[in-house]
Amino acid sequence: MKFIHCSDLHLDSSMETNLPPEKARQRANEICATFRRMAAYAAERQVTAVLIAGDLFDTARVTGKTADYILSVIAQTPSVDFLYLCGNHDESRRAFAGRELPENLKTFGSEWRYYRYGAVCIAGIEPEEQTDWYSALRLDERETNLVLLHGQEATQRGPGLVCLPQLRDRGIDYLALGHLHSYREQKLDLRGRWCYCGCLEGRGFDECGQKGFVLVEAEDGKVKTEFVPFAKRTLHEIPVDISQLQTVSQIGQAMRSAAEGVAREDLVKFTLRGAFTTDTQKDLRFLTQTMEPDYYFVKIKDETTLRLEKQSYEHDISLKGEFIRMVMASDQSEQDRQTMILWGLQALSGEEIVL
Amino acid sequence: MRLVQCHVENFGGLADYSCRFESGLTVLHAPNGFGKSTLAEFIRAMFYGLPRASKTLGKNLRKKYLPWQGGRFGGNLVFEHEGVQYRIERTFGEKPAADTFALYDLTTNKKSARFSPQIGLELFGLDSDSFERSTYLPQQRGELNSFSTDAIQAKLADLVEDTNDVNNYDKAVKALREKRSSLLAYRGAGGSVPHAQERISQLEQSLQQCRDAHTALAEQLDREQTGRQALEDLKQRHRQLLDQLRQASTAAGKAAIAGQYRRLQEKKKEARAQLDRLEAAWPGGIAPRQEITQALEAMAQAASCEPSPSLLQAHAEAERSLQADAARFQAGVPAEQEFAVCRQNCRQYEQCCDLAQTACLGTDEQTRLTELEQFFAAGTPDAQQMQTIRAHQAELTRCRAELAATPPAEQTPTRGKKSPALLLLLLAVAAVAAGALLLTKGGYAAGGILLGCGVACLLSAMYLRLRALMTLQQAAPKDGVRRQALEEQIARLDARLQTALSPYFGAQLPPDAAAVVESRAAQYRDLLEKRARVEAERQRHLERAQALESEISAFLARYGAHAPGDFSEQLAALQRAADRYVHNREAAAQYDAQLRAAASQLRTHRKTVDAFAEKYGLTLDDDGRGTVQNMAQAAARRQTLLESLAALEQEETSFYAENRQILDEPDPPQTFDLPQLQRRQRELEAEINARTHALTQLNQSIRTLRQTADQRPELEDALAACRAEFAEGREKAALLDQTIAFLQQAKERLTTSYLGAVEKSFSGYLRRLTGEAPEHVYLDAQLQVKMERFGQMRELGHFSAGQTDLILLCMRFALVDALFKRTKPFIILDDPFVNLDDENTGQALALLRELAGQYQILYLVCNQSRCA
């Protein structure tokens with residue numbers, strides 16, 4: 001018997017990638033489309049149920065269109081049950097309010113709810129923190145038990161936390177968790193494992209790497225898991241050291257070399273690092289424009305520092321030297337000082353001031 | 001600090017060159033091309049090294065001073081600092097990495113770490129460029145002399161402000177301000193930051209609407225959920241009510257079924273009673289429908305077998321008509337063939353009469369015949385007479401023609417004709433006259449020729465005339481005799497013709513009298529023959545008509561139909577009478593047959609009716625048919641009653657079978673008031689409808705609110721982007737403001753730091769050199785020197801090159817005073833006084849000597865006159 005464990009789709013959430021509005025909308029639609037693909041995958045592989053471990057939607061941003069779409073996908077996949085647990089960002093009840101829920105959409109509540117498929121029992125709860133919901137869990141150890149929760153794994157109780165010690169030796173074979181956006185799987189106790197499947201699609205550059213779901217196979221009391229990369233696009237953060245580079249073409253070449261192997265449909269964030277001099281051709285706009293055709297989206301973050309040797313300006317009796325000395329003596333942040341020096345020098349040398 | 005000596009191994013054009021420096025003024029007098037500037041650059045390179053290679057030769061000192069002759073690139077320099085002598089040894093490679101540096105303390109002759117390779121910076125506190133700009137005064141080159149004021153002024157200004165700084169400060173500030181304005185305008189609401197702020201306001205407003213919609217949506221959804229729950233409750237109550245209604249309806253239905261069953265039984269009973277009453281009214285029984293029908297048919301057919309009055313009347317009329325024609329056709333009716341023959345005879349008779357009437361000549365022919373009978377009243381000439389007349393006529397014609405062809409005797413054949421002789425005569429006269437005229441005029445040759453021609457023509461004319469006269473004289477006697485004979489013959493023939501034709505024409509004969517007579521005689525004979533043929537034909541038709549008339553009259557008379565008049569009409573009347581007679585005879589026979597058949601059928605039908613009446617005990621009087629018809633109605637009614645009874649019995653059986661369970665059950669106690677339940681149902685349904693309608697409206701409102709609320713993600717994202725743009729723009733604007741402020745402060749500080757000291761030293765040097773009063777000299781913040789002349793401050797451009805050089809020399813020393821506070825540097829002057837006159841040169845050299853006590857000066861000069 002197969003199950004899909006997914007979570008944290010955050011439909012209708014804002015894209016944290018600084019995508020332009022058009023691409024942000026396209027990306028949001030792609031996440032919906034990935035959900036449909038996953039449903040089709042489940043139907044094709046004869047998956048019994050899809051376990052959604054929370055944060056299907058994002059706070060109050062869920063639109064009627066998206067809610068309708070998700071319900072239609074679920075309704076059009078009648079052979080698969082969708083067990084949907086609300087997360088801390090979900091407002092599913094609001095999202096689905098006033099709508100007829102498909103029969104194959106199962107939900108959970110503030111008390112443990114159990115769904116059984118043969119010898120497999122799936123339990124889930126959307127706990128209210130003041131209750132001792134851990135002790136309320138009742139599992140038959142003769143069954144294969146899958147437990148669905150949303151929260152940060154922890155060793156203590158608390159709001160939004162999943163206290164793992166409280167769930168040990170309770171007969172859990174697989175603890176399907178949602179909340180963290182990267183895949184993690186570890187041993188829970190002698191019997192079971194806990195697992196964050198991660199988000200289905202990365203939305204920001206804090207969600208780089210492969211994203212997808214976990215395929216759980218329960219057979220003869222044993223549970224096998226497999227992470228299935230399923231995202232349409234992958235996000236990459238690639239550091240590039242430009243300390244030894246002078247020209248914009250050298251920097252561009254270094255970026256391309258660093259991004260070798262990255263697929264064209266992916267989103268890439270280059271982080272420029274190292275020190276640069278006033279002579280370094282570090283034109284981020286130009287670099288972005290030249291890299292954009294190679295990927296779905298390109299973002300360049302500048303973490304470089306201006307290499308300004310003290311001896312080069314300390315005794316320079318000139319306006320430039322005096323300017324640098326004054327700026328360096330100011331109580332501005334290091335980054336602001338660098339920015340002002342860079343702008344001042346660009347202005348004095350008649351170059352384009354790159355804001 | 002003091003230079004002691006230097007040794008150039010190889011540096012540019014200098015090779016293995018040593019020089020020792022005085023503590024004060026060192027004058028190096030050497031010709032042009034010696035390498036004075038190279039030596040100055042060597043000294044600087046010893047302290048500062050050589051910079052990285054540059055692309056341009058002017059800035060690429062490594063390339064510029066690469067030893068011309070090869071060899072080790074570099075040398076050494078000995079200087080004294082704080083009482084200790086040091087030797088700098090430097091060699092230079094193509095790149096800085098290949099450079100070597102060594103510093104020796106000459107007190108111990110060991111390497112010293114007192115200074116690093118940046119010894120110049122460490123000693124003087126100035127970088128290489130600043131050191132060069134302040135302590136090295138180059139020779140005035142030709143192009144500089146022409147505008148020395150600006151060039152040197154700019155170079156002096158570079159001491160405190162980098163060349164690019166000076167040129168670009170204003171541009172830099174302007175560019176920064178423009179950037180700042182693009183973000184946040186200094187005036188007005190321009191720039192991306194206010195734009196973003198405005199957009200933020202709009203977005204916040206829209207977002208607030210979304211949030212309001214979202215709040216309202218939540219409320220509406222709660223209401224919708226409550227309403228839906230209430231509706232569900234109502235529906236539940238409605239379902240319960242329907243159950244009660246069903247129970248009540250079941251009870252009512254059972255009662256209705258029982259009532260219906262009772263009504264069925266009553267109807268059956270009533271039908272049975274009616275049937276009994278009907279059968280009692282017919283004690284002999286009610287005949288089956290078929291028998292009644294047969295009896296009625298027999299009665300109807302018996303009635304129809306009675307001969308009708310019209311038949312009897314027609315029969316009588318036919319008999320009467322037969323009786324009337326019986327005498328005429330006693331011997332029989334003529335056959336059709338006889339009628340046909342008689343009709344043929346009648347037509348032939350009429351044709352013969354018509355042909356006899358039309359057999360005569362036409363009117364024109366009769367008139368012509370009459371005219372010809374009058375013309376030939378004297379008789380018609382026979383053939384011999386006509387042949388004679390024609391012979392005379394032909395002979396007369398011939399004689400007249402011959403007479404006409406024979407000319408009379410007194411006539412000449414040439415009369416009336418133009419003779420050739422006459423023409424020749426006229427020509428001869430003309431030629432002779434012309435010849436004579438020419439001869440008189442002296443034209444003898446032409447006149448002779450013409451005269452000759454005239455004579456020739458004259459002779460020819462005479463010959464022709466003579467021959468004609470001779471011909472006439474020979475023909476005249478023969479023609480006269482012939483004409484006379486002919487005229488006599490003509491007279492005879494005319495007389496004979498007159499005799500033969502005068503009976504027809506009288507005395508005056510027409511020219512073609514013989515032909516006319518002959519033609520009319522032929523025509524007369526033809527008309528006479530035709531009249532004879534027509535008369536014979538008429539006689540033949542008349543005879544045929546008489547024969548036919550006899551035959552027709554005999555036929556008509558045989559049937560008593562002959563009478564004077566038209567045979568055809570009589571014959572037609574006879575035929576009509578014969579036809580009528582035959583028709584009447586046949587009709588009478590037919591009527592007889594009909595009357596006999598009717599009598600036979602009448603007897604048969606009456607027998608059937610009598611048997612029917614006897615069987616059912618009926619007395620059939622005159623209205624027997626009415627009795628039978630009543631029985632028929634009774635039979636139909638009985639049949640209807642029987643069928644109705646059977647149907648009722650069937651219905652009763654079926655109904656009982658269908659509702660046996662209900663009919664056999666005891667009646668349930670009535671627990672529901674059905675009308676009340678129905679009223680309650682109507683009320684509930686109205687309430688459900690109202691709530692459903694309210695929910696529909698609520699859902700419509702929810703949809704509308706959701707449309708507004710659904711814009712929230714997009715608006716939030718846009719707002720976040722706008723806020724980020726706004727914050728970034730504002731931050732950058734602030735940073736730009738600070739950058740501009742720092743730039744302005746740096747400039748002001750730089751200017752004020754050095755300006756006072758420079759101004760003070762400059763005034764001192766200038767007074768010592770030129771005696772110029774300090775109040776007459778003005779140094780502005782840009783280190784531009786202005787001097788008062790004739791009550792007005794004037795820029796250096798108004799002064800001579802020599803004066804300017806002196807001023808700038810003072811300026812240079814003033815700057816050195818100001819710039820080098822800690823360590824007094826050496827000053828290198830590369831023949832700077834080329835523009836000065838002797839007096840000014842003397843003053844400048846005097847100043848140098850004076851300053852030599854204060855500074856170590858290396859004065860490079862190529863001209864003996866400018867040696868200090």
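Colleague: Which residues does B:Q575 touch, not counting residues up to four places away in sequence?

Modeller: B:Q575 is in contact with B:E336, B:F339 and B:R343, once residues up to four places away in sequence are left out. Keep in mind that this is a predicted model.

Colleague: Where does B:Q575 lie?

Modeller: In chain B, B:Q575 is part of helix α17, which covers residues 567-615.

Colleague: Is B:Q575 buried or exposed?

Modeller: Buried, since its relative accessibility is 17% and the cut-off for buried is under 20%.

Colleague: New topic, salt bridges. How many are there over all chains?

Modeller: The count comes to 53 salt bridges over all chains.

Colleague: Why do such side chains pair?

Modeller: Opposite charges on side chains can pair when the charged atoms come close.

Colleague: Take A:K269. What does its side chain meet in a salt bridge?

Modeller: The partner is A:E237, at 3.6 Å from N to O. This pair links distant parts of the chain, with A:K269 in strand β16 (residues 267-273) and A:E237 in strand β15 (residues 235-241), 32 residues apart.

Colleague: And A:K269, buried or exposed?

Modeller: A:K269 is buried, at 11% relative accessible area. A:E237 counts as partly exposed, at 35%.

Colleague: What about A:R325, which residue does it form a salt bridge with?

Modeller: A:R325 pairs with A:E322, and their closest N and O atoms are 2.8 Å apart. Both residues sit in helix α7 of chain A (residues 319-329), 3 residues apart, or about one turn of the helix.

Colleague: What are the relative accessibility values there?

Modeller: A:R325 has 21% and counts as partly exposed. A:E322 has 8% and is buried.

Colleague: Back to chain B. Which side chain does B:R723 meet in a salt bridge?

Modeller: B:R723 meets B:E204, with 2.5 Å from N to O. The two belong to distant parts of chain B: B:R723 is in helix α21 (residues 712-770), B:E204 is in helix α8 (residues 192-280), and they are 519 residues apart.

Colleague: How does B:E204 count by relative accessibility?

Modeller: B:E204 is partly exposed, at 35%. B:R723 is also partly exposed, with a relative accessible area of 40%.

Colleague: Last one. Which residues do salt bridges that share partners join into one network?

Modeller: That network is made of A:R27, A:E30, A:E201 and A:R233, joined by salt bridges that share partners.

Technical notes. Residues are numbered from 1 along each chain as its sequence is written. Chains are lettered from A and ligands numbered from 1 in the order in which they are written. This is a predicted model: local features need pLDDT of at least 70, side-chain atom pairs count only at pLDDT 80 or more; totals for chains, interfaces and linings use all residues. Side-chain values use heavy atoms; hydrogens and water are left out. A salt bridge is a side-chain nitrogen of Lys or Arg within 4 Å of a carboxyl oxygen of Asp or Glu. Helices (H or I, at least four residues) and strands (E, at least two) are DSSP runs, numbered from the N terminus. Buried means under 20% relative accessible area, exposed over 50%, partly exposed in between (1.4 Å probe, protein chains only). Contact means heavy atoms within 4.5 Å.
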